[in-house]
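Reader: I would like to learn how to read the helices in a model such as this one. Could we go through it feature by feature?

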Amino acid sequence: MLETVAVHRDSDGRLLDPRTAAVEMLNIIRPAIALAWFGVFAAHALHREPVHRERLLADNGTYARAFAHEVRRFYPFAPFLGALAAHDLEWQGTVLPEGGLVLLDLYGHDHDPELWPQPYHFDPLRFLGREPTADAIIPQGGGDARTGHRCPGEDISVSVLTALVTALARLECEVPDQDLRIPLRRMPTRPRSGFVVAKARMASMPATGRVRP
């Protein structure tokens, strides 16, 4: 990836300037890291509630996608996002001057009991057979990706995570004792020990979608 960016030339045969090249590299690194984070959270969820494994293994992809959405809602990848006001504004009686700091409470929104019944209960059924609306869950920002403060790679993240959770469900491994607590003071946060596995192997999957004993 580094080589591709470094040697890329535009239609006039010019190399990218250093700033544009750096931005392009960040556009690759950030989503790769984000997906690794979500993968750890998915493994954490399956470890805490292994009952979901059988449903995922017998799935045609529908439950896996619902599971991926619930991982993104439930786990505090980033507690909040910040931005500066582009101009003076007033919102619900609060005056904010141009350049003022605005924080979008991602974790609070995705665990708001007025929006989510039993918000601290991990339940993929919330999204089974239905896609969340644009402002329902906002782990990767809010608004429209084209005009708002939202990650343009969100759809790709959901698709990759959907495939990943099925692979994780097939993974037979031992999870040694470790500190799997997730601190809310860290940004972005993750289990304190990451997620360490031992003696891992991928179970074979027959045509029925279930793992052979």
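Reader: How many residues does helix 2 have, and how far does helix 2 reach from its first C-alpha to its last?

Author: Please keep in mind that this is a predicted model. Helix 2, residues 18-48, has 31 residues and reaches 45 Å between its first and last C-alpha, which is close to the 45 Å expected at 1.5 Å a residue. At its N-terminal end helix 2 is capped by Asp 17, a side-chain oxygen of which lies 3.1 Å from the backbone nitrogen of Arg 19.

Reader: Which residue forms a salt bridge with Arg 73?

Author: Side chains of opposite charge can pair when their charged atoms come close. Here Arg 73 pairs with Glu 70, with 2.9 Å between the closest N and O atoms, and a search of the whole structure finds 11 salt bridges. An α-helix has 3.6 residues a turn, so residues three or four places apart point the same way. Both Arg 73 and Glu 70 lie in helix 4, 3 residues apart, or about one turn of the helix.

Reader: At what angle do the axes of helix 4 and helix 6 cross?

Author: The axes of helix 4 (residues 62-74) and helix 6 (residues 154-170) cross at roughly 115° and come within 8 Å, and the crossing is right-handed. Among the residues that meet there are Phe 67 and Val 71 in helix 4 and Leu 161 and Val 165 in helix 6. The residues of this contact divide into 7 nonpolar, 4 polar and 3 charged.

Note on methods
Residues are numbered from 1 along each chain as its sequence is written. This is a predicted model: local features need pLDDT of at least 70, side-chain atom pairs count only at pLDDT 80 or more; totals for chains, interfaces and linings use all residues. Side-chain values use heavy atoms; hydrogens and water are left out. Axes are lines fitted to C-alpha atoms, for helices over the stretch in contact, and angles run from 0 to 180 degrees between N-to-C directions. Helices (H or I, at least four residues) and strands (E, at least two) are DSSP runs, numbered from the N terminus. A crossing is left-handed if the near helix is turned anticlockwise from the far one by less than a right angle, and right-handed if clockwise. Contact means heavy atoms within 4.5 Å. Ala, Val, Leu, Ile, Met, Phe, Trp, Tyr, Cys and Pro count as nonpolar, Asp, Glu, Lys and Arg as charged, and the others, Gly among them, as polar. The expected span of a helix is 1.5 Å times one less than its number of residues. A polar contact is a pair of N or O atoms within 3.5 Å; within protein, one must be able to donate a hydrogen and the other to accept it, and residues adjacent in sequence count only if both atoms are side-chain atoms. A salt bridge is a side-chain nitrogen of Lys or Arg within 4 Å of a carboxyl oxygen of Asp or Glu.
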